[in-house]
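Here's a quick tour for anyone meeting this structure for the first time. Have a look at the sequence and the model, then read on for a few notes on charged side chains.

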Amino acid sequence: MTKPEIQIWTDGACSGNPGPGGWGALLIAGKKRKQIHGGEPDTTNNRMELMAAIEALNALKKPSLVTLHTDSTYVKDGLTKWIHGWKRNGWKTAAKKPVKNKDLWRDLEAACERHEIKWVWVKGHAGDEGNETADALARLGAEEARG
């Protein structure tokens, strides 16, 4: 059975860093489009970038072929490059400091396990329609978290 092909755009936003933050994602499968968002009252931009990817992948009902577009090199490089060394070093950075957001890195790694993912970096705020939609959703999540 062939896996469905899904395009995902994710983004995180924070008003102050730390401060109220939000995450957003646009998921497209053929003609189906789904938008999701959420937020937290006291968080960081990097945590919201990670949450966007985690929530988007966890929203998929079955294993899929995913192209995940993010404007966060932190998320893309963290999962495709850095995490292997962090795990080898007992979740320490090359500078021997604890990895920030370890809980979310573990959650993201788990969310990725059942999918085949191609990571694509996109320049933020540069007119990419999917990224602009994810950014608007992330800002909505931050606004809702602000109360």
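**Charged side chains at a glance**

Glu143 is partly exposed, with a relative accessible area of 46%. Keep in mind that this is a predicted model. Opposite charges on side chains can pair up when the charged atoms get close, and the salt bridges here come to six.

**A pair in helix H4**
- Glu143 teams up with Arg146 in a salt bridge, where the closest N and O atoms are 2.6 Å apart.
- Because they sit three residues apart in helix H4 (residues 129–146), about one helical turn separates Arg146 and Glu143.
- Arg146 counts as partly exposed, at 40% relative accessibility.

**A pair in helix H2**
- Asp77 and Lys81 also meet in a salt bridge, at 3.6 Å from N to O.
- Both lie in helix H2 (residues 73–88), four residues apart, or about one turn of the helix.
- Asp77 has 15% relative accessibility, so it counts as buried, whereas Lys81 is exposed at 52%.

- Lys3 and Glu116 form a salt bridge of 3.2 Å, N to O.
- Lys3 belongs to the segment before strand S1 (5–14) and Glu116 to strand S5 (residues 116–121), so the pair links distant parts of the chain, 113 residues apart.
- Lys3 is partly exposed at 32% relative accessibility, and Glu116 is partly exposed at 46%.

- Lys61 sits in the loop between helix H1 (45–58) and strand S4 (65–70).
- With 77% relative accessibility, Lys61 counts as exposed.

Terms used:
Residues numbered from 1 in each chain as written. Predicted model: local features only at pLDDT ≥ 70, side-chain atom pairs only at ≥ 80, totals over all residues. Heavy atoms only, no water. Helix = DSSP H or I, 4+ residues; strand = E, 2+ residues; numbered from the N terminus. Buried < 20%, exposed > 50% of the residue type's maximum accessible area, 1.4 Å probe, protein only. Salt bridge = Lys/Arg side-chain N within 4 Å of Asp/Glu carboxyl O.
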